Amino acid sequence: MNIGYPCINRSLGCTASHTFRLRSYSSARLFETVRANLLCLRRVLEFNRENNLLFFRVTSDLVPFASHPVCADPWPEAFAAEFSSLGALIKNSTMRISMHPDQFTLINSPDADIFRRSAAELNYHALVLDLLGLDLTAKIQIHGGGVYGDKSKSLDRFCRRFERLNKKIRRRLVVENDDRQYTVADCLQISRRTGIPVLFDSFHHQLNSNGEDVAGAMGMAAATWGKRDGPPMVDYSSQKKGERSGSHTESIDLRDFAAFITAAGSLDFDIMLEIKDKEKSALLARNFLAKVKRI
DNA sequence: AGGTGTCAAGCGTCC
DNA sequence: GGACGCTTGACACCT
């Protein structure tokens with residue numbers, strides 16, 4: 001089992017998600033920003049390797065405006081060597097990578113233009129993973145999308161639109177249950193019809209499910225991951241006390257985490273901790289799992 | 001230097 | 001029909 005955290009490391013004093021305003025776009029600004037982001041990404045990956053945190057989500061902001069029409073600059077060529085070198089670092093340390101486009105990426109929108117923009121955004125994500133030279137265990141996770149007043153029709157549209165995506169996207173795409181609309185059962189339907197794996201999100205399942213227990217839902221999601229996809233990926237978080245339902249906890253609640261690990265039983269998976277203090281909680285989780293001999 | 005309004009993108013919910 | 005939240009985090013302009 002690998003432990004991971006998303007996008008940002010809070011103890012290094014750099015971030016790989018520097019961006020700028022659209023109106024400040026220039027080739028120079030783009031290259032300067034991407035260069036700085038990749039330098040920071042290297043530091044974060046080195047930190048992860050040294051601390052045995054072998055699962056990491058790369059930020060979608062690595063290349064600002066990458067899928068926007070304004071960006072005609074040849075960043076993939078300009079940074080090919082740097083990407084390849086980062087990829088070697090990842091592979092040599094047996095690290096696993098995921099990416100998670102934000103809520104604007106919706107392949108099931110009835111609006112053809114939103115689909116077109118979403119496909120462009122997914123192309124960018126697949127390109128980053130390809131430039132890193134990673135195998136198909138590196139995944140891109142998205143949600144089911146909007147319901148648009150009819151979930152079954154919208155779920156159909158997801159599956160039809162999926163077929164129109166580039167193969168480089170299709171082979172890396174996984175679908176994750178969300179906290180309000182598409183449950184694990186909905187995602188399993190998508191999986192049956194498209195062949196893509198289901199990424200189980202424990203916190204979303206708590207908030208939005210069809211009543212399945214954690215072990216059952218997780219087991220069904222895990223069964224959708226093929227050999228070439230690698231071990232199932234799982235997102236974990238817990239409720240921030242005294243906040244609106246669905247808001248992520250500031251720091252890991254080890255009692256809740258222990259209960260989750262127990263519920264998961266003997267299943268093998270990689271776990272992403274969606275917790276605000278990032279690597280700090282990931283280190284606590286790593287220590288806990290070392291004690292109970294799961295890693 | 002520090003404070004704060006705003007940012008490419010969309011959905012659903014609440015008012 | 002408009003504001004708001006969503007892992008908001010980070011920029012960019014203001015004082």
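Visitor: Is Arg-116 buried, partly exposed or exposed, and what is the relative accessible area?
Guide: Happy to start there, with the classes: buried means under 20% relative accessible area, exposed over 50%, and partly exposed in between (1.4 Å probe, protein chains only). Arg-116 is partly exposed because its relative accessible area is 48%.

Visitor: Which residue meets the side chain of Arg-116 in a salt bridge?
Guide: A salt bridge here is a side-chain nitrogen of Lys or Arg within 4 Å of a carboxyl oxygen of Asp or Glu. The two partners are three residues apart in helix H4 (residues 112-131), so about one helical turn separates them. With 3.1 Å from N to O, the partner of Arg-116 is Asp-113.

Visitor: What kind of model is this, and how are residues numbered?
Guide: This is a predicted model, where local features need pLDDT of at least 70, side-chain atom pairs count only at pLDDT 80 or more, and totals for chains, interfaces and linings use all residues. Side-chain values use heavy atoms, without hydrogens and water, chains are lettered from A and ligands numbered from 1 in the order written, and residues are numbered along each chain from 1.

Visitor: How many residues apart are Arg-57 and Asp-235?
Guide: These two form a salt bridge, with their closest N and O atoms 3.4 Å apart. Both Arg-57 and Asp-235 are buried. Helices (H or I, at least four residues) and strands (E, at least two) are DSSP runs, numbered from the N terminus. Arg-57 lies in strand E2 (residues 55-57) and Asp-235 in strand E7 (residues 233-236), a separation of 178 residues.

Visitor: How many salt bridges does the structure hold?
Guide: Another one joins the side chains of Glu-82 and Arg-42, at 3.2 Å from N to O. For the structure, the number of salt bridges is 13.
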